[in-house]
Every structure is written in C-alpha cells, then in structure tokens.
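Please read it alongside the sequence and the model shown here.

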Amino acid sequence: MFEPTGLGLDIFNERYRLHDEETWDEACRRVAKWAASCEDRDKIGEVEENFYRIIREGLFMPGGRIMYAAGRPFAQGLNCF
C-alpha cells in the first residue's frame, strides 16, 4: 500500500485534505467515491472499489485538482472549461 511520507505527506496535509483529521486512506476513498459517482448505478460500487484499490496501491494518482475537488461542495474538478 502506498502511504505518503516526508514532503509528499506535507503537501497532502497542506493542500489536499478535506479537513484536518482526514487520513490518506479516507482521502483515497473520497476521491474514488467522487470519481465513480458518474458511472451507471449498477456499476458504481465496483468502479469505486477498483479506483480506490489502484490509488492505495500507488498504481495511479489523480491530479492535484482532482485530489482537492473530490467531495467538496461547488468545487471544480477541471482545469479548463
């Protein structure tokens, strides 16, 4: 399992946490849930679990805008629109 340390942990704590108590694992779950929310209803759970797994295993890391925006009210997940 991937877990940010050192500078990576500092950046996560300063820029991407939803709140001060959010853990890295909780943030991964938040991002996976947000990303899967656009899928067909019968596939949301499967897509969320798969996306959560690949983030936690360090196989894929969403961009900073996605890490920040996921799960926040009125947040913009796109860099350009």
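**Arg30 and its surroundings**

Leaving aside residues up to four places away in sequence, Arg30 touches Tyr16, Arg17, Leu18, Glu22, Met67, Tyr68, Ala70 and Gly71. The model is predicted. Arg30 is found in helix H2, which covers residues 24–36.

Arg30
- Arg30 has a relative accessible area of 10%, so it is buried, the cut-off being under 20%.
- Its side chain makes a polar contact of 2.8 Å with the side chain of Glu22.

Helix H2
- The 13 residues of H2 should span 18 Å at 1.5 Å a residue, and the end C-alpha atoms are 18 Å apart, which agrees.
- Buried residues in H2 are Trp24, Ala27, Cys28, Arg30, Val31, Ala32 and Ala36.
- These buried residues pack against helices H1 (6–16), H3 (44–56) and H4 (64–69).

Aromatic rings
- The whole structure holds 3 aromatic pairs.
- In one of them, the ring centres of Phe12 and Trp24 are 5.2 Å apart and the planes are at 85°, so the pair is edge-to-face.
- Phe12 lies in helix H1 and Trp24 in helix H2, so this pair ties together parts that are 12 residues apart in sequence.
- Phe12 is buried at 3% relative accessibility, and Trp24 is buried at 7%.
- The rings of Phe51 and Phe60 have centres 5.8 Å apart and planes at 45°, so that pair is tilted.
- Phe51 is buried at 17%, whereas Phe60 is partly exposed at 40%.
- One aromatic cluster is formed by Phe2, Phe12 and Trp24.

Arginines over rings
- Arg29 lies over the face of Tyr52, 3.8 Å from the ring centre.
- Arg72 lies over the face of Tyr68, 3.9 Å from the ring centre.

Methods. Residues are numbered from 1 along each chain as its sequence is written. This is a predicted model: local features need pLDDT of at least 70, side-chain atom pairs count only at pLDDT 80 or more; totals for chains, interfaces and linings use all residues. Side-chain values use heavy atoms; hydrogens and water are left out. Helices (H or I, at least four residues) and strands (E, at least two) are DSSP runs, numbered from the N terminus. Buried means under 20% relative accessible area, exposed over 50%, partly exposed in between (1.4 Å probe, protein chains only). A polar contact is a pair of N or O atoms within 3.5 Å; within protein, one must be able to donate a hydrogen and the other to accept it, and residues adjacent in sequence count only if both atoms are side-chain atoms. Contact means heavy atoms within 4.5 Å. The expected span of a helix is 1.5 Å times one less than its number of residues. Rings of Phe, Tyr and Trp (its six-membered ring) pair if their centres lie within 6.5 Å; planes under 30 degrees apart count as stacked, over 60 as edge-to-face and the rest as tilted. A charge sits over a ring if NZ of Lys or CZ of Arg is within 6 Å of the ring centre and within 35 degrees of the ring normal.
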